[in-house]
Amino acid sequence: MTLFAPEPSAAHEGVPWYDVVVCGGGLAGATFSRHLRRERPDASVLVVDGQTYPVPPAAHKVGESTVDIAGFYFASVLGLAEYMAEKHLPKLGLRYFFGRAGEPFADAPEIGLSAFCGRPTYQIDRGVLENDLYTMNRRAGVEIATGAKVLDIDLAPGRDPHLVRYTDGDGVARTARCRWVVDAMGRARFLQRKLGLGRPTEGEFNAAWFRVTGRLDVEDFVPDDQVDWHKRVPGRRRRLSTVHLMGPGYWVWLIPLGSGNTSVGIVSSGEFHDIDGMSTLPDAVAWLERHEPAVASALVRHEVLDFLAVRDYSYTTSRVFSADRWGCVGEAAAFSDPFYSPGSNMIAFENSALIKLIGDDARQALRPERVEELNRFVLGQNDWVEYNIHSSYSYFGEPLIMALSFIWDTLVGWTTATPQMFNGIFLDEEKAAAVRAATPGLYALTLQVKRLFKQWERKEGRQGRNFRFIDYYTVPFLREAYERNLVEGKSADELAADHRHSMAVLEEVALAVFLIAVEDALPERRARLHGHSWLNAWAIGLDPERWEADGLFEPTTPPRSFDRAYADLTELFDAAPPETGATPVTLPIQLRL
């Protein structure tokens, strides 16, 4: 069967026809093919796959860690919930340690979960997953040419078919005709380069990573007699998190794999750390000895399986989908940063959007303006993640600022990005319009909070608040956001109500973060806020000379209290900064929209 009737053409007589040709059979291409066949079982699909199977179980690939969007995509959209639970490890959220070389690891401030949240996420062993997806897709009727190499993609206008020229596993030259072509060939970015669509990103961010045999467990960094430390996360389950070891301009990941091995990575800003100092395995180990000695000490008990270093890994583009019937998914589209594990999230968004456009085309309802909307949505997600993360590297070694930045980013993610996937908002024009109407000023607010963090890090003489352990799921407004928003099956009206509520919470939390920043960096200015019980969250900043001009004391929303958000945050820390004679702002009103 086929979605599209091939156009008759004497010039291409004998050339096989497919509704969709997917170039690349890795994570993005394999999940796209499965998703398409589940949505459109009558679609004829060819995957031109450079891999041969089985790939090694400990395949050396990026994309091992998922968060809520990708977890939902794998479990619910792709129908892999039972498979993921059986073959891959559950993920215990994100975990951060802010230690210093030479100090006991148990003294490092920690952010993470003590127990699993309600919706599953996973630590993926890429080799295992890709082998199994290959088998699943073959059984579902997807034709897969393995060991193949794409030679060229001839894009055609109008109703003419695209031509994909490739060599098969035996080196025989072949050609396929198709209505749609998908580039899933990874960082080669075949179509992006062919069409000259790449856009530069600011700064240079680099990574070096490798896999080691066996279980490299952060729990082993702390002696068993440190009972209180181990009791924070019962059952020695910290290793199931994506562990981030944080420092100025860098982070180190530890990710467990279902094969029993462990992935270790160093990610850094070139402004702080030269990639040449970690571009070989010996150099990377020496770098760890200087910056994260607990990891370096543990490595001697493990065999290193592989190693790779990548310079300047981030890139983006001006287009990922076209009304001329092509699209790019996964790393063939854009790549922001591995921090916050967004890679599989982007695959979920890209695959879903492109399959929606293919479906529209099959119904003869493909509209160029709709292609543009989905193109903007996907690139907007990628480009905000890139900016948000890259601008944070300079304060990665600052526990207080980073703790509040992570909490803010998690709140934004759970209230805005995650519902997009759980309820298909970006795929439904009515839902998308309702959500946009309910969230005026959202982007401007998130940008203003990011500016606040950047101003904060540059302030000297900060007072500092300390913490030992923050279980972020116990922060009341975060837990409420998770339980409210990670729910599928909601109507446009319900989603609009959720987002109005979320905007109110975001505004209150932004003001609470601002107050903490003032108390930390400008304690002498705290008294100036007396008598201003409600403020303009879109005008927060740490330049007091700008407060009046920017409209800080002229709020544009109904006055209410942000005492609760302030209390939720300050209770996470050991002690308040030195006495400034100020008290938290208070109003008798407690309004929730």
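This talk covers side-chain contacts in one structure.

The model is predicted, so local features need pLDDT of at least 70 and side-chain atom pairs count only at pLDDT 80 or more, while totals for chains, interfaces and linings use all residues. Residues are numbered from 1 along each chain as its sequence is written, and side-chain values use heavy atoms, leaving out hydrogens and water.

I start with salt bridges, meaning a side-chain nitrogen of Lys or Arg within 4 Å of a carboxyl oxygen of Asp or Glu. The count is 40. One of them joins Arg-311 and Asp-276, at 2.7 Å from N to O. Arg-311 is in the loop between strand 16 and strand 17, and Asp-276 is in the loop between strand 15 and helix 7, so the pair ties together parts 35 residues apart in sequence. Helices (H or I, at least four residues) and strands (E, at least two) are DSSP runs, numbered from the N terminus.

Arg-560 and Glu-508 also form a salt bridge, at 2.8 Å from N to O. Are these two buried or exposed? Both are buried. Buried means under 20% relative accessible area, exposed means over 50%, and partly exposed is in between, with a 1.4 Å probe and protein chains only. Arg-311, at 44%, is partly exposed, and so is Asp-276, at 43%.

Next, a charge over a ring: NZ of Lys or CZ of Arg within 6 Å of the ring centre and within 35 degrees of the ring normal. Arg-179 lies over the face of Phe-4, 5.5 Å from the ring centre. Arg-187 has its charged end over the ring of Phe-335, 5.9 Å from the centre.
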